[in-house]
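Take a look at the structure below. We will go through a few of its strands and helices, one region at a time.

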Amino acid sequence: MVSIRSVHKSERPEFQKWLDDLTLSAKTKEKLRTVSDVPEILLMGQEMVEILQELHMDDETLQAALVFPYCEIHELDHEALVDNFGKNIAHLVESVRKMQAINSLQSKRVASSSVQIENLRNMLLTMVEDVRAIVIKMAERICTLHKIKKEDEETRVIVAKECANIYAPLANRLGIGQLKWELEDLSFRYLHPVTYKKVAKMLKEKRVDREQYIHDYVGQLQTLLNNESIKAEVIGRPKHIFSIYKKMKKKNLDFEQLFDIRALRIIADRLQDCYAALGTVHANFRHIPSEFDDYIATPKANGYQSIHTVVVGPQGKSIEIQIRTEKMHQDAELGVAAHWKYKEGSSGKTASADERVNWLRKILQWQEEMAESGSLVEEFRSQVFDDRVYVLTPRGDVIDLPVGSTPLDFAYYIHSNVGNRCTGAKVSGRIVPFTYKLQNGDQIEILTGKHANPSRDWMHPGLGYVHSSRARATIQSYFKKQDKTKNIDAGRELLERELAKVNLPLKYASDFLDKFNVKTADDLYAALGSGDVRVMSLVNAVVQKYVAPPEPVEELNIPFKAKKQKSKPGSEPIIAEGVGNLLSQLAKCCQPVAGEPILGYITQGKGVSVHKESCSQLQNLLQQHPEREIEVSWAVQEQTSFQTDLDLYCHDRVGILKDITTVLSNEKVSLLGVNSLSNKNQNTAQIKITIEVKDANALTKTIGKLRQIKDVSDIVRP
C-alpha cells in the first residue's frame, strides 16, 4: 500500500514540530535544524527525510535529502553548494545529480552512444563509491510520484514508467524492499488507474474480516511457538497492491484465490529458530507443497533470505507465512541501506562493504569490453531488469544469470579466460551441450583446455551458444585482438580496389578517421576488414569530397502516384504503451516499417511521432527533451503497408533499371517512384527508389535480392 506521511496531511506541522516528532538523535536533529535556516526549504525535502529516516540512514544523507530540492530549484553549482551547505553535503548532492544517467536505460537506442556509455559508467562509479546517492534519488522519485497526482495524464505516465521500469527493479536488485514496494504501487496507480482502484477496493472491502482473522491466527501461532520455547515474534504483513495484481495475472486467479491476501511473518532470534518454527507450523497446519520456497538455503540475487510457505489455516483459508531472522528482515526491507555505514562527518565506508554492490563492481570490471562493443548499457539493463536463473558452482556458491543463459554464459561470468578456454561443461555431473539452457539449481562444472580457443560461431545469436551481451562482447573482443593484423590487410585491399574504380588514391581515406571514430589509418582498415565500417560508406564520403560535380548528368525522374491506405478510426498500426489511444504518425526522416524496433516521441499538438530506435534525428530530439520519450509497439493490420526509400549505388550499364524492377515484381513489392542520377565520367549511378512493403522481413528480403543484382555495389536506406 502507498505510505501516508506527516507531510501529506492537510494540516502539516511547522518545521520545528515536524523535526521533534521524528525519531532521530539529538545530534541529527540539530544538524537538520541548521539546514532549515536556509530560506525556501521545500516540502519535498521534508518528505525525503521521512522516507530515509525509515531506512535508518545517517546524518549526512538526511541533510543532503533536505537540501537537494532547494539546490535543484536554484541550480546551484558546486562552489555555491560548498559555500551554502559544506563540502560533504555538496559532494553527496552532486552524486545524486549523476543518477540522471539512469534515465538513458529506458531506451536501447543509447547502446551505441559513447557519451551515454561514459555517463552510465560515471554513474556506476558513483553508486559503488557512495550508494547513499541512489537511495536519495529513489526517495526523490517517490516524492515526485506523490507530487504529480494532479498533473496531466501524459506527465504522470512518463514519470510512472520511468519509476516502474528503472528505479523499482534497481531497488529490488539492491534489496531495498521498503522502497521497491512503494515505487511499484505508486507507478501502478498512474499506469493502470482502473485496475489499481479495483484491487484497492477489494482489499478495503475485506479488510475488517481479514484483520480479525489474522489477529486470531497470530495469537494462536504465537502460543504454539511459545509452547515449543521458540524465540520468535509473529506479526501481520502489509499487502502491496502491485504484488497482488501480478500474482492474479500470472496465475490467472481471482482475488480470493490468492494465498498472500492473508499473510504474516515470523521473526526469529536465530537461524535454527527459523527451521524450528517451520517445523511447528507444518506439524499443526497442512501446508501446500507447491508454494514452499527456502530462500535461506538459496538466497535471491539481491541477498534476500526467508522461508516462504502457505498453510491451510482455520476455516480452511490459506495463509502465506514468511519466516526469517531479525537480521534477514532488516536486510529485506532496507537492503544495501542496512549495512552501508558511515563514519560521522565523513563519507568514507567502513571496512565491511555490502556484497549487494558487487555486481556493480563486476560491470565496471567488464566496462572496457562492453563499451568497445557498445553493450555497456544493455548489460546493465540485463543485470538489473531481466528475470534471473540461479545456478551453483562446484563449491556450492550461488551465481545468478539472466534467464536463457547457457554454460558458456556461466563460464564468461566467472572469468573471460575461463570462457575463452572452455572446451565443455557438466551439469550435475552430466556432459551437456553449449546450447543447454541453465535451470534453477543446476550445479555447473566448466571443462577447460590449456589454450584459448573460442569459436566464432559462439557470437552468432541464432545458434544459441551464448545469451548474455557480456559473453558475446568478450568473445568479439577476443577475435578483434587476434584478427587485427588480418583485418588490416583485408580492409586495405578492399578499400584500394574500390577507390581504384573511381580513380582515387588510398591516401585520401586518412582524412576520414574522425568521421568513423578511429585514431589511425590501420584502425580504419581493421574496421573495414571486420565489417564494422561499410566500404561504400567510406568510398562515397571520399568521392563527395574529392571528386568535382560531374558536368554531363542525365537525370531520370519517374513519378508514381502512391496508393493511400484507408484505415478505420482506432486501426492505426501503433500502440502507445500505458496511455490509451493517442494520435500517432510514422516519422518521415527514418520511415519505420512494421517489425523494426521503434520509439515514440511526444510532439507538441501532433501526438506521438514514431521513429526507428536508431534514428539520428530522434536521438537529437531526446537529448534535448528526454522526458518526451514513450514506448510504442506495432499493432499492424493485415492490409497495412509501409513506404520506404532505398538508395542503390551501381556501376552504370544498360538494363540495370530493368533488373531492379524485375526483382521488385518477383517479390510482389510495389514501386512508387524512381529517381536516377548518372555520372558518365565515372560510369556510376545512384538510383533512389520508393517502394511499399508489408513489414521489416519483407524489406530485408527485398534488399537482399537487390544486392544480388550484378553491378549493384551498395544499398543504403536513408
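Strand β4 (residues 307-312) is mostly covered, with six of its six residues buried. Buried here means under 20% relative accessible area, exposed means over 50%, and partly exposed lies in between (1.4 Å probe, protein chains only). Both faces of β4 are covered. I307, T309 and V311 are buried on one side, and H308, V310 and V312 are buried on the other. Strands, like helices, are DSSP runs numbered from the N terminus: a strand (E) has at least two residues, a helix (H or I) at least four.

This is a predicted model, in which local features need pLDDT of at least 70, side-chain atom pairs count only at pLDDT 80 or more, and totals for chains, interfaces and linings use all residues. Residues are numbered from 1 along each chain as its sequence is written, and side-chain values use heavy atoms, with hydrogens and water left out.

Which strands pair with β4? Two strands count as paired if DSSP finds at least two bridges between them. Here D293 stands opposite H308. Strand β5 (residues 318-325) also runs antiparallel to β4, joined by six bridges. T309 stands opposite I321 of β5. Five residues lie between the strands of the β4 and β5 hairpin. In that hairpin, Q315 takes a positive phi near 65 degrees.

Now move to an open sheet of three strands. Its order is β9-β8-β10, and the pairing is antiparallel. β9 (430-432) and β10 (444-448) stand at the edges with a single partner strand each, so one side of each has no neighbour in the sheet. The twist averages 35 degrees from one strand to the next. Strand β8 (residues 422-427) is joined to β10 by five bridges. G424 has L447 in β10 as its bridge partner. Helix α18 (residues 407-414) lies across β8, β9 and β10, and runs at about 80 degrees to β10. Such angles run from 0 to 180 degrees between N-to-C directions, and axes are lines fitted to C-alpha atoms, for helices over the stretch in contact.

Finish with a pair of helices. Helix α4 (residues 59-74) and helix α6 (residues 87-98) pack at about 65 degrees, with axes 9 Å apart. Contact means heavy atoms within 4.5 Å. Among the residues making this contact are V67 and F68 of α4 and L92 and V93 of α6.
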